[in-house]
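Subject: Structure for your review

Dear colleague,

Please find the structure below, handed over for your study. My notes on what was found in it follow, and I would be grateful if you read them with the structure open beside you.

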Amino acid sequence: DAGITQSPRHKVTETGTPVTLRCHQTENHRYMYWYRQDPGHGLRLIHYSYGVKDTDKGEVSDGYSVSRSKTEDFLLTLESATSSQTSVYFCAINRDPGHQPQHFGDGTRLSIL
Amino acid sequence: GENVEQHPSTLSVQEGDSAVIKCTYSDSASNYFPWYKQELGKRPQLIIDIRSNVGEKKDQRIAVTLNKTAKHFSLHITETQPEDSAVYFCAASRVNRDDKIIFGKGTRLHILP
């Protein structure tokens, strides 16, 4: 399995609180991604990174921010969590998106009450 | 940008029969097509991939076919077994032009006893 660790694996928090999810990789891959997965919507890209300090928005980026200060870590922050952000969040990494598959972490189940 | 359509959204087949999942893509420059399987509560995992210079690829009971002219590709599972029950995602990307892989919305496959 690809060396990807997501933390925490589960979190329950209240509306309005800030939340940060962490993705840590040991593969030294350039590309890292955050997805959310909800019933009926498949995998939706939130943000991604193509290098240290280089990030871009995905299709559902509103309400989320990211940071990548080191190759191995990609952080996803919900500045003020809302109930609509209750979801399962997956991190993924890729060495070369045009030639290689993505590898996913085990996911974080986030509940906003 | 690229768009990937996946059909059907749900598929039920009798154990031992074959299952076929179809995807179409919009960008003729796409040239890498991975397929992922996601079991309940688990992360998506790559099961097979194909590149545009190949029309078909097989791995035991799983095969993928690609029709570049029609811009569609399909996953074929033969002699289905209970452990094939899962959600399957197709995806597409373009070498040297994309930083991300575009996913279809998934097909939930049920294997009936």
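**The disulfides**

B:Cys90 is a buried residue, its relative accessible area being 0%. Please keep in mind throughout that this is a predicted model. The partner of B:Cys90 is B:Cys23, and the sulfur atoms of this disulfide are 1.9 Å apart. B:Cys23 also counts as buried, at 0% relative accessibility. The link between B:Cys23 and B:Cys90 is left-handed, with -100° about the S-S bond.

Over all chains, the count is 2 disulfides. In chain A, the bond joins A:Cys23 and A:Cys91, with 1.9 Å between the sulfur atoms. This link is left-handed as well, with -70° about the S-S bond. Because A:Cys23 sits in strand 3 (residues 19–25) of chain A and A:Cys91 in strand 9 (residues 87–94) of chain A, the pair connects parts that are 68 residues apart in sequence. Are these two cysteines buried or exposed? A:Cys23 is buried, with a relative accessible area of 0%, and A:Cys91 is likewise buried, with a value of 0%.

**Where the two chains meet**

How many residues does each chain bring to the contact? Chain A brings 22 residues and chain B brings 21. The size of an interface is often given as the accessible area lost when the parts come together. Here the area buried between chain B and chain A is about 1900 Å², and carbon and sulfur atoms give 54% of that area. On the side of chain B, three residues supply more than any other three: B:Arg43, B:Asp99 and B:Phe103 account for 34% of the area that chain B buries against chain A.

B:Arg43 also takes part in a salt bridge, in which its side chain meets that of A:Asp106 at 3.1 Å, N to O. The count of salt bridges between chain B and chain A is 1.

Which strands of chain B supply at least two residues each to the side that touches chain A? They are strand 4 (32–38) and strand 5 (45–51). Strand 5 of chain B gives the most to that side, with 4 residues. By kind, the residues on the side of chain B that touches chain A comprise 9 charged, 8 nonpolar and 4 polar.

**One residue within chain A**

I would also draw your attention to A:Ser49, which lies in strand 5 (residues 42–51) of chain A. This serine counts as buried, because its relative accessibility is 0%, and the cut-off for buried is under 20%. The side chain of A:Ser49 is joined to that of A:Arg68 by a polar contact of 2.9 Å. Leaving aside residues up to four places away in sequence, A:Ser49 touches A:Arg30, A:Tyr31, A:Met32, A:Asp54, A:Thr55, A:Arg68 and A:Phe74. A:Arg68 is therefore a residue that A:Ser49 touches although A:Ser49 is itself buried, at 0% relative accessibility.

Yours sincerely,

A colleague

Technical notes: Residues numbered from 1 in each chain as written. Chains lettered and ligands numbered in written order. Predicted model: local features only at pLDDT ≥ 70, side-chain atom pairs only at ≥ 80, totals over all residues. Heavy atoms only, no water. Disulfide = S-S within 2.5 Å. Buried < 20%, exposed > 50% of the residue type's maximum accessible area, 1.4 Å probe, protein only. Contact = heavy atoms within 4.5 Å. Buried area = accessible area lost by both parts, 1.4 Å probe. Salt bridge = Lys/Arg side-chain N within 4 Å of Asp/Glu carboxyl O. Nonpolar A, V, L, I, M, F, W, Y, C, P; charged D, E, K, R; others polar. Polar contact = N/O pair within 3.5 Å; in protein donor to acceptor, adjacent residues only side chain to side chain.
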